[in-house]
Amino acid sequence: MDDELIVRESLLSWFGKYGHEVDTAASGPEALEKLEAKSFDLLFVDIKMPGMDGLDLLERVKEAYPDTLVVIITAFGSIESAVRAMRSGASDYLLKPFKPDQLALVMERILCQQKITSDYHYVKGCLEQITRFDNIIGQSAPMKRLYAFIPEVAQNDSTVLITGETGTGKELVAKAIHAKSPRAQLPFIAINCGALPDTLMESELFGHRKGAFTGAGHSRKGFLEVVSGGTLFLDEVGDTSAKMQVDLLRVLEDKTIFSVGSNTPVAVDFRLISATRKDLDACIQAGQFREDFFYRINVIRVCLPPLRERKDDIPLLLEHFMEKFSHETTKHVDRVRPDAISLLMSYDWPGNVRELENAVERAVVLSKSRTLAATDFSFLRPTPLCCGQTLKSIQKAHILKVLEEQDWQITRSAKILGINRATLHKIIKRDNLKRRT
Amino acid sequence: MIGVVPLGEVPALVPNVIAANITACYKRPVDILPVRPVPEDAFDQARLSYNAGHIINRLDTVAFGGYAKIVGVMALDMFIPIFNHVYGQAVQGGCLALISLFRLNKNANGSMPLPALFYERSAKVALHELGHLFNLFHCNEKRCIMHFSGAIDDLDRIPFHLCRDCERRLGQHVQ
């Protein structure tokens with residue numbers, strides 16, 4: 001902003017040589033109009049301008065656009081104006097004409113400051129994601145119920161069993177429960193039971209004493225001891241062996257452990273959250289999972305809906321992942337064509353949110369423009385109908401889906417299904433349909 | 001074809017050094033054109049220096065037939081409205097650039113440089129301004145001739161060549 005055309009042209013040309021997008025204004029009101037229309041990272045403002053003083057403009061800018069940096073330039077410098085400028089939030093105060101290296105230094109310092117601010121916001125965002133459950137995305141009815149349920153569950157110490165298909169975010173929910181619980185400041189340790197062989201799992205959980213087995217060169221505390229007051233998350237608990245189920249059951253009942261190779265009991269204090277993609281009721285029926293252990297870990301049940309049952313959340317999730325991967329890949333991809341949205345909404349997402357996340361990452365990485373189109377998701381294949389399903393199971397799933405979508409409003413759901421309310425009530429009772437938490 | 005035009009009196013060897021370096025860096029033929037006078041109306045009585053933009057506008061009225069880019073060289077000090085002095089000035093993506101030798105013959109501590117260093121500085125400023133004529137922007141890479149040098153020490157630190165990114169951009173511009 002400068003009332004002298006020659007200065008505006010000169011600055012325009014100089015910043016143009018850096019490849020920056022530059023605009024000029026001859027007065028304060030014109031500058032404010034341009035600021036209203038688009039955002040600017042940095043303003044160079046002359047003090048003496050007709051209509052509005054540069055220092056007044058600085059105050060207005062700092063009030064309305066605090067992130068915009070302002071450098072005051074003047075041919076008539078004074079201590080008073082310099083002090084007022086710096087107190088009003090100016091990033092620098094330069095006397096015209098500048099020395100070339102002076103302006104270069106100011107630019108370098110400001111760009112550095114901007115990078116630090118941007119990094120700070122990014123790190124702060126990451127930290128918030130770790131400590132809060134804002135990273136669970138969704139505004140659909142099942143997710144709203146989940147948001148209300150998590151703080152309730154978090155406040156007591158009962159064991160929690162999270163069920164849901166793969167990729168539905170079971171670990172995120174476990175972390176959210178931990179983050180909202182009185183144990184939030186203590187460790188959260190996650191173990192994937194399906195990934196560890198039995199002997200290793202025993203050593204990892206209970207620890208071992210030196211010489212307890214070949215290769216145990218030194219004593220090591222197990223996760224049950226290390227977690228000390230925090231939360232232990234057992235992912236894929238349905239994959240634990242019968243022996244491990246017995247060992248864990250004993251720990252849950254006695255709250256003491258014995259390290260491998262030790263006879264001394266160690267008191268432990270932790271909250272257990274388990275998760276599984278399996279139908280544990282069926283596993284119990286099949287004799288693959290201990291019933292007593294099941295009741296121990298299943299005091300509170302949280303069922304996570306698959307993505308196909310909360311498709312309303314797809315646009316929100318898409319926006320979140322686009323922002324995430326645009327930042328990670330430093331590619332500016334921030335728009336989606338309607339055809340891409342339609343494709344994503346029509347897809348069944350057997351891998352749930354994780355599959356959507358991977359699909360968006362791939363699309364962002366390979367995209368040649370800032371807009372994602374259906375062609376960017378051409379690698380997605382529509383899920384074929386499963387011929388192994390019975391008509392009854394399809395009917396049950398459909399009725400449940402409609403009920404969930406309608407927030408279990410019986411009249412509305414019955415109308416959509418084309419049956420009367422009494423029939424719907426009968427089906428709910430007969431098929432034991434239950435509202436997901 | 002690129003033309004180097006001495007404006008007023010300049011050390012005889014400078015245009016030759018500049019021409020040789022342009023050929024080495026940009027792989028283009030260079031001619032040294034006849035000396036032209038410095039437009040005296042470009043002198044600013046208040047700032048006691050020559051207005052670089054004014055001189056470039058004057059050069060724009062001269063027909064340099066067959067030369068796509070012209071680099072003017074003068075021994076006098078020059079400025080642009082926002083800076084109290086400049087080593088060089090060019091029209092981004094244009095045809096005309098101008099360099100001043102006035103401040104290249106003095107080190108940061110006030111001493112005189114050896115002649116070889118003075119010639120090096122002249123060549124670097126010319127290569128930098130010519131880069132702007134090829135629509136290259138200021139580069140963040142410190143080991144690139146397109147890195148902005150606000151002070152004489154900065155100029156001594158930059159190399160005589162373009163970085164890989166600027167080389168690529170130059171290739172795209174030429175295509």
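Predicted model: local features only at pLDDT ≥ 70, side-chain atom pairs only at ≥ 80, totals over all residues.
Local features required a pLDDT of at least 70 and side-chain atom pairs a pLDDT of 80 or more, whereas totals for chains, interfaces and linings use all residues. Residues are numbered from 1 along each chain as its sequence is written, with chains lettered from A and ligands numbered from 1 in the order in which they are written.

At the interface, 17 residues of chain A are in contact with 15 residues of chain B, contact being defined by C-beta atoms, placed from the backbone, that lie within 7 Å. On the chain A side, two or more residues each come from α1 (5–16) and α5 (100–131) of chain A; helices (H or I, at least four residues) and strands (E, at least two) are DSSP runs numbered from the N terminus. The most is given by α1(A), with seven residues. This side of chain A comprises nine nonpolar, four polar and four charged residues. Here Ala, Val, Leu, Ile, Met, Phe, Trp, Tyr, Cys and Pro count as nonpolar, Asp, Glu, Lys and Arg as charged, and the others, including Gly, as polar.

Chain B contains an open sheet of three strands in the order β3-β4-β6, with mixed pairing; strands pair if DSSP finds at least two bridges between them. Because β3 (43–44) and β6 (78–79) of chain B stand at the edges, each with a single partner strand, one side of each has no neighbour in the sheet. The antiparallel strands β3(B) and β4(B) (residues 49–51) are joined by two bridges, and Asp44(B) lies opposite Ser49(B) in β4(B). Helix α2(B) (residues 52–60) packs on the sheet, touching β4 and β6 of chain B, and its direction makes about 50 degrees with that of β4(B).

Elsewhere in chain B, Ala126(B) belongs to helix α3 (residues 115–133). Ala126(B) is buried, with 31 other C-beta atoms within 10 Å; the cut-off for buried is 20 or more such atoms. Beyond its neighbours within four places in sequence, Ala126(B) contacts Ile18(B), Asn21(B), Ile22(B), Val71(B) and Ile99(B).

In chain A, the axes of helices α17 (residues 410–417) and α18 (residues 421–430) come within 9 Å and cross at roughly 100 degrees. The two helices α17(A) and α18(A) are therefore roughly perpendicular, a term covering 65 to 115 degrees. Axes are lines fitted to C-alpha atoms, for helices over the stretch in contact, with angles from 0 to 180 degrees between N-to-C directions. Ile410(A), Thr411(A), Ser413(A), Ala414(A) and Leu417(A) of α17(A) meet Arg421(A), Leu424(A) and His425(A) of α18(A).

Note on methods. Contact = placed C-beta atoms within 7 Å. Buried ≥ 20, exposed ≤ 12 C-beta atoms within 10 Å, placed from the backbone. Parallel < 35°, antiparallel > 145°, perpendicular 65-115°, else oblique.
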